[in-house]
Amino acid sequence: MTDLPPPVTLKALLDLTPAEWRTLHSFFRSRELADWNDAKPIRMPEWLFRRVMQDEERTGERHGFGVMDEQGRLIGSAELYDLRPPPPLTATVATLGVMIGLPELWGRGYGRQAVQALLRWAFQERDFPLSRIRLTTFGHNRRAQRAFLACGFREVGRSERQGRTDVHMELTRSEWLALQADALQTDALQESPDPSAPEGE
């Protein structure tokens, strides 16, 4: 029997509690997490970090969410940024970023579930659905690439810089919708009775 992936929900950044903001701030201060995201640990205090993130949310520069586990605990973040065209125009393209802030949860499916929830919001629930989402990950981060491929992303190119390889991936709304239709059809076939089985079985 295959273990089901852990359920996650997304909570808009503007709805986070003060305690959740402190947790999120601690994730962005982590050296290990920053290295995986090609960034530097932030040094700004929590109150300024919160203000900057909230301002970017309100201006439409990014759409950020806290990733909540099955107990309602904040375990990471998922966001869409670098929206094109930029606000106040209606964006059709964005870059995806996702982070699970607790290393003990890595490799357990939380990141993949967060990506799928964010794709559903961007391509279906958003007032003006995006037409394309892109991302970049490290060439050596095979685990992340497998997770993104499982969510429907496809590799569109690679680039070399500073002694490393970057993998560029993207997914269009039409591709995502086709994947959802295929999944629904598969579920329907699995749930339908076998016509060759004797009656009563």
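## Strand pairing around β5

Strand β5 and strand β7 (residues 164-172) run antiparallel, joined by 7 bridges. Two strands pair if DSSP finds at least two bridges between them. Strands (E, at least two residues) and helices (H or I, at least four) are DSSP runs, numbered from the N terminus. In β7, Leu 171 is the bridge partner of Ile 133.

Strand β5 (residues 132-138) also pairs with strand β4 (residues 93-100), in the parallel sense, over 3 bridges. Here Ile 133 of β5 stands opposite Ala 94.

## Crossover

β4, helix α4 (residues 110-125) and β5 form a right-handed β-α-β unit. Right-handed means that, with the strands pointing away from the viewer, the path from the first strand over the helix to the second runs clockwise.

## Model basis

This is a predicted model: local features need pLDDT of at least 70, side-chain atom pairs count only at pLDDT 80 or more, and totals for chains, interfaces and linings use all residues. Residues are numbered from 1 along each chain as its sequence is written, and side-chain values use heavy atoms, with hydrogens and water left out.

## Cavity

The structure holds 1 cavity of 30 Å³ or more. A cavity is a set of points, on a 1 Å grid over the protein atoms alone, where a 1.4 Å probe fits but cannot get out; lining residues have an atom within 4 Å of a point. Grid points are joined across faces, edges and corners, and a volume is the space filled by probe spheres set on the points.

Leu 13, Phe 28, Met 53 and Phe 65 are among the residues that line the largest cavity. β3 gives the most to this lining, with 3 residues.

How values were computed:
1 Å grid on protein atoms, 1.4 Å probe; cavity = no way out; pocket = protein on both sides within 12 Å on 5 of 7 lines; lining within 4 Å.
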